[in-house]
Amino acid sequence: MSEETIFSKIIRQEIPTPLLYQDDLVTAFRDISPRVDSHILIIPNKLIPTVNDVEEEDELALGRMITVAKKLAKEEGIDENGYRLIMNCNQHGGQEVYHIHMHLLGGQPLGPLLSV
Ligand code: 5GP
């Protein structure tokens, strides 16, 4: 069993965080420390620690994360100008929370993909 993170508590609303979206597979909420004007996290409800731990049976939830990103980008009014979706993996990827999540980033020009 993998160790739960704060994100499991947010999914169960044991830590009250306004949810932008939730269904049986995924949950979305604003990043507590937004790096850009619009910074949303979209996560599977199932605890998957890293992208390395993804299984075939998770494909439905992972696909749902993208369709929810599309829906929220429209609701945020950032779909036409554009946005970026990022998933970090492990130390070199800059992952801090070991429950996979997709960052939806937008609301301003984002510049080059990487700063190393
Ligand atoms: P990572 O670096 O793992 O890809 O990103 C983790 C993200 O989770 C960070 O952007 C961080 O600000 C966000 N985060 C960490 N703890 C919390 C929390 O308790 N609530 C919310 N809403 N975001 C969090």
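These legends accompany several views of a predicted model.

**View 1. The whole chain and its elements.** The chain holds three helices and five strands. Read from the N terminus, their order is α-β-β-β-α-β-α-β. The C-alpha trace spans about 40 × 30 × 25 Å along its principal axes. A compact globule of 116 residues would have a radius of gyration near 13 Å, and the chain has 14 Å, so the two agree.

View 2. Five strands make up an open sheet, and their order across it is 1-2-3-5-4. The pairing is antiparallel.

**View 3. Strand 4 beside strand 5.** Strand 5 covers residues 102–106 and runs antiparallel to strand 4. Four bridges join the two strands. R84 has L105 in strand 5 as its bridge partner. Strands of a sheet pair through backbone hydrogen bonds.

**View 4. Helix 2 across the sheet strands.** Helix 2 takes in residues 59–76. This helix lies across strand 1, strand 2 (26–30), strand 3 (38–44), strand 4 and strand 5. Against strand 3, helix 2 runs at about 155°.

View 5. Of the 116 residues in the chain, 36% are buried. Among contacts with a separation of 6 or more, 56% come from residues 24 or more positions apart. The accessible surface of the chain is about 7,300 Å². Carbon and sulfur atoms account for 52% of that surface.

Key
Residues numbered from 1 in each chain as written. Predicted model: local features only at pLDDT ≥ 70, side-chain atom pairs only at ≥ 80, totals over all residues. Heavy atoms only, no water. Pairing = 2+ DSSP bridges. Contact = heavy atoms within 4.5 Å. Axes fitted to C-alpha atoms, helices over the stretch in contact; angles between N-to-C directions. Rg over C-alpha atoms; globule rule 2.2 N^0.38 Å. Buried < 20%, exposed > 50% of the residue type's maximum accessible area, 1.4 Å probe, protein only. Areas by Shrake-Rupley, 256 points an atom, 1.4 Å probe, with all protein chains shown as cover.
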